[in-house]
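The sequence and structure are shown below.

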Amino acid sequence: MEEKETDKSILRRYLDDMYTREEAHGLLSKLRDSASDEMLGELADEVWEEAAAQDFTTGPEREKYKEEAARLLKRIEHKKRTWFHRITKTVAASVAVVCLIWGGLNLWNDMNRQQIVYLEAFTSYGERKRIQLPDGTLLTLNSCSRIRYPERFIDDERRVELEGEGYFQVYKNERQPFIVNTSRLNVRVLGTRFDVKSYSSDEIVSVDVESGKVQVDLPEAMMRLQAKEQVLINTASGEYSKRREERSVAVWRKGGLRFNSTPIRDVAKELERMYNCRITFADGQEFSNLISGEHDNKSLEAVLQSMEYTSGIRYKKEGNNVLLFK
């Protein structure tokens, strides 16, 4: 008896949209059991009695229920009194069901959210991968990168999680912004083409816009970029550089490399990811060089030779192992 009253109390809170997720799950499980019919019948009677006594003066939904109830009562006036009680209970149960459906929309959306399956895609050393997201957005992942996204986008935004580098061609939807979350920054767009580079191991992260506009959200700052604009952020010093970039975006999609005052250690990580090699630095030597240059489909050997010519940093290559020294 006490358990039934508890269930009725939870169900009443459910009708009023005041419940915990645990209570809702437990109650929905019990409602599948035919033993709950008596409890539902009693609750229907209570709802009907309260509805008859309540003054429905506000809310279009309540006015609608009142009009529907009046029409039903008029149609059954000629019926015998013995049938009246049965019909009113049926109507009361219907009202209770309508309330359950109406009041449970939030729960349905919340539970629907909990049931969404998240998908992940990865790339390894020297690998690039093209992915179509559920909304039609096209993504190209660079080497050693990961993307996590839901099997379908709900609510009022499209949110994905990126580790590494990705070039996005976002399907335009002004009612549902597209958001790229990374460990260092977030990028918010409606529909555009842009590149996000945010490896957690790198010192420099960047956003490079090819078309449209994007908003870059940092922990303590926000900036907007237009087509042909780029921002470079030094995560070690907190400094950033915003500039116009007329050259093509994401040259890595075609096997190219581009460095623009990039710290030598970030260059080494980039080469490791692209060429599946291991680069180390000679002990006891200082490496604070900033590297600039662009390479189109060059071999690792050619890139190392070019870097040696411009920076003076020499290399020794044995198999997949490369030692940099001065």
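The buried residues of α8 are covered by elements that include β14 (257–263), α7 (264–275), β16 (290–295), β17 and β18, contact meaning heavy atoms within 4.5 Å. Helices (H or I, at least four residues) and strands (E, at least two) are DSSP runs, numbered from the N terminus. The model is predicted: local features need pLDDT of at least 70, side-chain atom pairs count only at pLDDT 80 or more, and totals for chains, interfaces and linings use all residues. Residues are numbered from 1 along each chain as its sequence is written, and side-chain values use heavy atoms, with hydrogens and water left out.

In α8, L300, V303, L304 and M307 are buried (under 20% relative accessible area, 1.4 Å probe, protein chains only). These residues lie on the same side of α8, because they cover an arc of only 100° around the axis, taken from the directions from the helix axis to the C-beta atoms. After α8 comes G312, with a positive phi near 85°.

An open sheet of 3 strands, with mixed pairing, has the order β15-β18-β17; two strands pair if DSSP finds at least two bridges between them. β15 and β17 stand at the edges with a single partner strand each, so one side of each has no neighbour in the sheet. Helix α8 packs on this sheet, touching β17 and β18. The direction of α8 makes about 160° with that of β17, angles running from 0 to 180 degrees between N-to-C directions of lines fitted to C-alpha atoms, for helices over the stretch in contact.

β17 and β18 pair in the antiparallel sense over 5 bridges, and E318 has N321 in β18 as its bridge partner.

| β15 | residues 278–281 |

Technical notes
Buried means under 20% relative accessible area, exposed over 50%, partly exposed in between (1.4 Å probe, protein chains only).
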